[in-house]
Amino acid sequence: MAASAACPLCGQALAAAATVCGNCGAKLPDPAPVPTPVPPLPTEDALLRGLEDLKEQVVAERVVEELESLEKAADEEVAIVDRTLGELVAAKADAEVLEERLEAEEADLSEFVRRVESSVKRQAHAPTPPPKPSAAGTAMVAAGSLLSATGLFLLPGAILVGAFTFLGGIATVALGALVRFGRRQ
Ligand SMILES: [Zn+2]
């Protein structure tokens, strides 16, 4: 509060709300209401300056906030980069393992191909197994032989029947031989 009055008797400085002098004990008159000084109206320039200051303060606060959030974002980015680097390192290790495995598989594959190739070559050079005689052909040959023998036996008595029987037997033997070693698997 504004400076107080002095005691009219002893001149002691008094507190504003004092009713008795603390020094001489004189009763003091009711203190006159101290007029509160009316602050001078700010000039337009002052107003503008204040506004400018306020604006600058707000801008400064915004800048600080912006910087803080940028710093946070940068920290996050650093963390992301760290993580990404870690992942890259892990991925590189994985790639190396995969590469090794692929090389091993490639070696396996070429080994397999080599084996198949040599197997194919061996089979190509191997002599083809002789065809298995067919049972039906063998039976036909046997029956034909019997028939021709019968024809030969009949020939002196009945030339025509004997000849036909003999020829039929020979034909049956020939057909049986064909069937026996024919190209049927
Ligand atoms: Zn006094």
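A residue is called buried if 20 or more other C-beta atoms lie within 10 Å of its own, exposed if 12 or fewer do, and partly exposed in between, with the C-beta atoms placed from the backbone. With 14 C-beta neighbours inside 10 Å, A163 therefore counts as partly exposed, and this residue lies in helix 3. The structure is a predicted model, in which local features need pLDDT of at least 70 and side-chain atom pairs count only at pLDDT 80 or more, while totals for chains, interfaces and linings use all residues. Residues are numbered from 1 along each chain as its sequence is written.

**Overall form**

- The secondary structure of the protein chain comes to three helices and zero strands, where helices (H or I, at least four residues) and strands (E, at least two) are DSSP runs numbered from the N terminus.
- Read along the sequence, these elements give the pattern α-α-α.
- The protein chain has a radius of gyration of 65 Å, whereas a compact globule of 185 residues would have one near 16 Å; the radius is taken over C-alpha atoms, and the globule rule is 2.2 Å times the number of residues to the power 0.38.
- Along the principal axes of the protein chain, the C-alpha trace spans about 195 × 40 × 35 Å.
- Of the 185 residues in the protein chain, buried residues make up 4%.

**Helix 1 and the segment before it**

- Helix 1 covers residues 44–125, which is 82 residues, and from its first C-alpha to its last it reaches 113 Å, close to the 122 Å expected at 1.5 Å a residue; the expected span is 1.5 Å times one less than the number of residues.
- Helix 1 is hardly covered, since the count of buried residues among its 82 residues is zero.
- L14 lies in the segment before helix 1, and it counts as buried because it has 21 C-beta neighbours inside 10 Å.
- The C-alpha atoms of L14 and P39 are separated by 25 Å, and these two residues are 25 residues apart along the chain.

**Helix 2 and helix 3**

- Helix 2 (residues 135–154) and helix 3 (residues 159–180) pack at an angle of about 165 degrees, with their axes 7 Å apart; axes are lines fitted to C-alpha atoms, for helices over the stretch in contact, and angles run from 0 to 180 degrees between N-to-C directions.
- Helix 2 and helix 3 are therefore roughly antiparallel to each other, a term for angles over 145 degrees, while those under 35 count as roughly parallel, 65 to 115 as roughly perpendicular and the rest as oblique.
- The C-alpha atoms of A163 and G151 are separated by 5.9 Å, although the two residues are 12 residues apart along the chain.

**The loop between helix 1 and helix 2**

- S134 has its place in the loop between helix 1 and helix 2, and it is partly exposed because 17 other C-beta atoms lie within 10 Å.
- S134 and G176 are 42 residues apart in sequence, yet 9.1 Å apart in space, C-alpha to C-alpha.
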